[in-house]
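Subject: Structure for you to look over

Hello,

Here is the structure I promised to pass on. Please open it and read my notes alongside.

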Amino acid sequence: MHYIRRMKLQFHPFDLQFIHPFTVSVHSRTTTPIVILQLEHEGIVGLGESSMPPYLGETQQSVMRFLSKIRLEHFHNPFAIEEILSYVDAIDDGNNAAKAGFDIALHDLVGKLKNQSIGELYGIKPEQKKTSFTIGIDSPEKMALKAREGMEMGFEILKIKLGTNYDQEILDRIFEIWNGPFSVDANQGWNNKEQALDMTLQLAEKGVLFIEQPFLFDHLTDATWLSERSPVPIVADESIKRLVQLEAIQNAFSGINVKLMKSTGISEAYRMIIEAKKAGLKVVTGCMAESSCAVGAMSHLSSLADWTDLDGPFLMKNDPFQGMTLSDGCIQVSGLNGIGVALKN
Ligand code: MG
């Protein structure tokens, strides 16, 4: 009798612990929830991760509820990636992080079965890209200390979070110790376009690489106004999650930050990068508060990007995966196939 081995999906919740409490303009926390996925076929296990920053609405419970609905019985093997992912996407609306976790596990599995890295699955030539190190909101003194920590860890680019009512003091303190490349992320925290332009011009003089999400996600008129006047790229983050939104925002910004947890995974992130570049936009490959599983997966797309912001695992005390390191300011994964990381024992 002919017997076909089915794919088998398992998952469990895990809490990542931050080295420092993590604050963006609207929220602060010391841990962040993820779900770890294992997708098995013929004894080979693909690893995945869903990461759910609390302000985006998904939880460990909602992710596991979604993953429980995935029925893989009618797929005989994992190689029909697009067909399987279309089926998963259609199960329910939203659930972007849950879908991303599954997409990552599927890519890791197929890479391992084919003896190829995720980059090789997409025909992407690997290229070392220096990643930035994020300085979360804190007192100006503590933010300058974090910048120094990042330098000591080997990062060569900073991403400075702004969007407070003391942005100028933050910058003054950080520039006392930092004169290397940097970008700024206002996380929707600026609400006056004239002040935003003043700050943008000042940052441009300091050599800022780009400014991310100055205004609320749906304030596209203000973003357009600023983009038209800014000498540096204004990059969308909260204003774009999936490919379908690209057309609506592409005239308001000059770049987009692509993240697996927004895009529903590698497959759509890849298409977003290609379409954004066709539209003349700059691309940042970014991450949420994630371990080296999801970040390692995204690092395979980074040679397509203009800038890379993949520091998540370096902000954590208890990364459950191993195999990813920082070398000369660049993310490096082991020579293993798929993502190139393994679960720690
Ligand atoms: Mg951002």
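This is a predicted model: local features need pLDDT of at least 70, side-chain atom pairs count only at pLDDT 80 or more; totals for chains, interfaces and linings use all residues.

A residue counts as buried when its relative accessible area is under 20%.

**Metal site**

By that cut-off Asp185 is buried, because its relative accessible area is 0%. Asp237 is buried as well, at 4% relative accessibility. Both residues are donors of the magnesium ion, together with Glu212. Along the chain their spacing reads D-x26-E-x24-D. Asp185 sits in strand β6 (residues 182-185), while Asp237 is in the loop between β8 (234-236) and α9 (246-249). The pair therefore ties together parts that are 52 residues apart in sequence.

**Sheet**

Which strand residue stands opposite Asp185? It is Glu212, in β7. Strands β6 and β7 (residues 211-212) run parallel and are joined by two bridges. Both belong to an open sheet of eight strands, ordered β4-β5-β6-β7-β8-β9-β10-β11, with parallel pairing. The edges are β4 and β11 (307-309). Each has a single partner strand, so one side of each is left without a neighbour in the sheet.

**Helix α6**

Helix α6 spans residues 167-177. Its buried residues are Asp167, Ile170, Leu171, Ile174 and Phe175. They cover an arc of only 120° around the axis, which puts them on the same side of α6. What covers them? The cover includes strands β4 (132-135), β5 (157-161) and β6, plus helices α5 (140-153) and α7 (193-206).

**Core**

The largest nonpolar core has 101 residues. Those with the most contacts inside it are Phe102, Ile160, Trp190 and Ile256. Helix α3 (residues 96-114) gives the most to this core, with nine residues.

Ile160 is worth a click. Leaving aside neighbours within four places in sequence, Ile160 is in contact with Ile170, Leu171 and Ile174, among others. Its other contacts include Ile135, Met143, Phe182 and Val184.

Best wishes

How values were computed. Residues are numbered from 1 along each chain as its sequence is written. Side-chain values use heavy atoms; hydrogens and water are left out. Donors are N, O and S atoms within 2.8 Å of the metal (3.2 Å for Na, K and Ca); water is not among the atoms, so sites may look incomplete. Helices (H or I, at least four residues) and strands (E, at least two) are DSSP runs, numbered from the N terminus. Buried means under 20% relative accessible area, exposed over 50%, partly exposed in between (1.4 Å probe, protein chains only). A nonpolar core is a set of buried Ala, Val, Leu, Ile, Met, Phe, Trp, Tyr and Cys residues joined through side-chain atoms within 4.5 Å. Contact means heavy atoms within 4.5 Å. The arc is that of the directions from the helix axis to the C-beta atoms. Two strands pair if DSSP finds at least two bridges between them.
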